[in-house]
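I'd like to walk you through one model, so let me put it up on the screen.

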Amino acid sequence: MSDVTMTCAPRVGRMPWSGLLALFTAAFAAVMTELLPAGLLPQLGAALEVSPAQVGFLVTGYAVASFLAAIPLTALLRGLARRPVLVGALTGFAVCNGVTALSSSYAVTFGARVLAGVMGGILWAMLVGYAARMVPAERRGRAIAIVSAGITVALCAGIPAGAALASAFGWRAAFGGLAVVPVVLVGWVLWKVPNFPGEAAAARVPLRRVAVIPGIRTVLGVTLLVLVGHQAMYTYVAAFVELSGGVRTSVVLLVFGVGTVAGIWVIGAVIDRFLRVSLVVVLAMVAGAMTVLGVLAGPGGTAAGSTSGGPAVLLLAVAAWGAAFGGVPTLLQTALVNASGQESADVATSMQTTVYNAGIAAGSLAGGVVLEGAGAGALPWTTLPLVAVALTIVIVARRHAFPSRRRPVG
């Protein structure tokens with residue numbers, strides 16, 4: 001493809017749906033690859049002859065690799081044309097998921113997960129910017145929303161479907177499917193996703209200049225606290241559900257996913273007018289849900305069957321947790337962009353991506369330690385104080401990070 005074609009501006013007209021849906025599917029596949037082990041703890045543990053906590057560390061390894069790779073590899077690859085980088089990341093996903101599907105060794109599986117995490121770090125650092133460049137400026141928000149919806153669909157339908165597929169045909173079939181999807185995506189991307197040139201060195205905003213903008217570090221701190229707390233519980237939700245006796249993990253994951261869709265829909269309707277209030281409400285909902293789940297687990301949180309009388313309450317608490325958490329990423333990303341200003345939004349968002357991966361890694365690690373030491377019933381009590389601290393910061397930080405009135409972006 002010629003340089004002239006690569007650098008042409010997007011034309012005003014209909015949305016490039018096919019290309020955007022390809023990026024949507026890439027986001028879907030990335031989330032599925034990262035979080036599917038959380039829904040397959042018993043099967044993976046039995047096949048690889050390891051404990052549920054060690055299976056959870058497969059999520060930790062992926063997230064640590066994404067965290068460590070995102071900034072240096074993005075900096076290294078920023079000068080390259082975008083489509084070859086995207087194709088390379090998708091090809092890496094296909095190979096790593098294929099190895100996972102065939103492996104019977106925990107060490108080999110862990111290594112494949114680490115390499116997949118590297119691919120994830122590259123992918124997430126470029127997806128939002130790619131979507132924004134495919135459309136005129138007045139349609140960037142809609143394009144980014146379409147691509148980001150891949151995350152929600154993965155949580156709502158993908159993870160439960162993967163768990164159901166694994167129950168019916170085995171966990172290898174689930175990862176085998178995740179190896180095929182990126183292969184199809186490569187052809188789709190080459191066909192419908194335009195190529196763009198890399199960034200010129202002179203146009204790159206240094207990270208250190210963005211990090212000191214008032215409000216940035218506060219929003220990133222809240223992001224970290226929320227993700228650590230959430231992931232400590234979510235990674236090992238299958239182990240927690242076993243305490244309930246009578247509720248399938250796939251059902252719980254589906255309820256959580258449906259809740260996230262409802263949460264995103266509601267937040268989308270009110271975010272421009274009530275960002276601060278909305279964030280306070282959803283964090284309070286997460287804290288409330290964790291309290292209910294902790295109480296259901298019973299004193300000490302290790303008595304098997306202690307939640308046997310409350311499957312309905314369990315599902316209601318999970319639905320509230322999903323609905324609340326569904327709106328959290330959008331609220332935090334919007335708060336970050338408001339604090340950074342439009343000229344620094346891309347750099348600030350890349351920093352938040354790194355923080356997300358750090359939170360996922362730390363949360364899955366902390367949850368595994370708690371699971372091994374205190375049992376699955378202690379997981380909600382691990383999440384609760386972290387979310388409570390995040391809620392307190394949001395309430396207090398009303399000047400720059402989470403102002404009462406939205407400041408204009410720019």
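Let me start in a loop: E49 sits between α3 (41–48) and α4. The phi angle of E49 is near 60°, a positive value in a residue other than glycine. Is E49 buried or exposed? With 72% relative accessibility, E49 counts as exposed. For the terms, buried is under 20% relative accessible area, exposed is over 50%, and partly exposed is in between, using a 1.4 Å probe and protein chains only.

A word on where this comes from. This is a predicted model, in which local features need pLDDT of at least 70 and side-chain atom pairs count only at pLDDT 80 or more, while totals for chains, interfaces and linings use all residues. Residues are numbered from 1 along each chain as its sequence is written, and side-chain values use heavy atoms, with hydrogens and water left out.

Now the overview. The protein has 15 helices and 0 strands. Of its 410 residues, 53% are buried. Contact means heavy atoms within 4.5 Å, and among contacts with a separation of 6 or more, 87% are between residues 24 or more positions apart.

Let's follow the chain into α4, residues 52–77, where we find T60. T60 is buried, at a relative accessible area of 9%. What does the side chain of T60 join in a polar contact of 2.5 Å? The partner is the side chain of S364. The T60 side chain also reaches the backbone nitrogen of L365, at 3.4 Å. By polar contact I mean a pair of N or O atoms within 3.5 Å; within protein, one must be able to donate a hydrogen and the other to accept it, and residues adjacent in sequence count only if both atoms are side-chain atoms. Leaving aside neighbours within four places in sequence, T60 is in contact with A361, S364 and L365.

Helix α8, residues 171–192, has 22 residues and reaches 32 Å from its first C-alpha to its last, close to the 32 Å expected at 1.5 Å a residue. That expected span is 1.5 Å times one less than the number of residues. The buried residues of α8 are W171, A174, F175, L178, A179, P182, L185, V186 and V189. Seen down the axis, they fall within an arc of 145°, so they line one face of α8. The arc is taken from the directions from the helix axis to the C-beta atoms. On the face turned away from that buried side, α8 carries the exposed residues V180, V183, V184 and W191.

Helix α15, residues 379–396, has 18 residues and spans 27 Å from first C-alpha to last, close to the 26 Å expected. Its buried residues are L379, P380, T383, L384, V387, A390, L391 and V394. These cover an arc of only 140° around the axis, which puts them on the same side of α15.

On to the core. The largest nonpolar core has 127 residues, and those with the most contacts inside it are L86, L283, L293, W321 and F402. Such a core is a set of buried Ala, Val, Leu, Ile, Met, Phe, Trp, Tyr and Cys residues joined through side-chain atoms within 4.5 Å. Not counting residues up to four places away in sequence, L293 touches M233, F240, L314, A317, V318, W321 and P380.

Finally, the rings. There are 5 aromatic pairs in the structure. Rings of Phe, Tyr and Trp (its six-membered ring) pair if their centres lie within 6.5 Å; planes under 30 degrees apart count as stacked, over 60 as edge-to-face and the rest as tilted. Y234 and F256 make a tilted pair, 5.1 Å centre to centre with 45° between the planes. Y234 and W321 make an edge-to-face pair, at 6.3 Å and 75°. That pair links Y234 in helix α10 to W321 in helix α13, 87 residues apart.

How values were computed:
Helix = DSSP H or I, 4+ residues; strand = E, 2+ residues; numbered from the N terminus.
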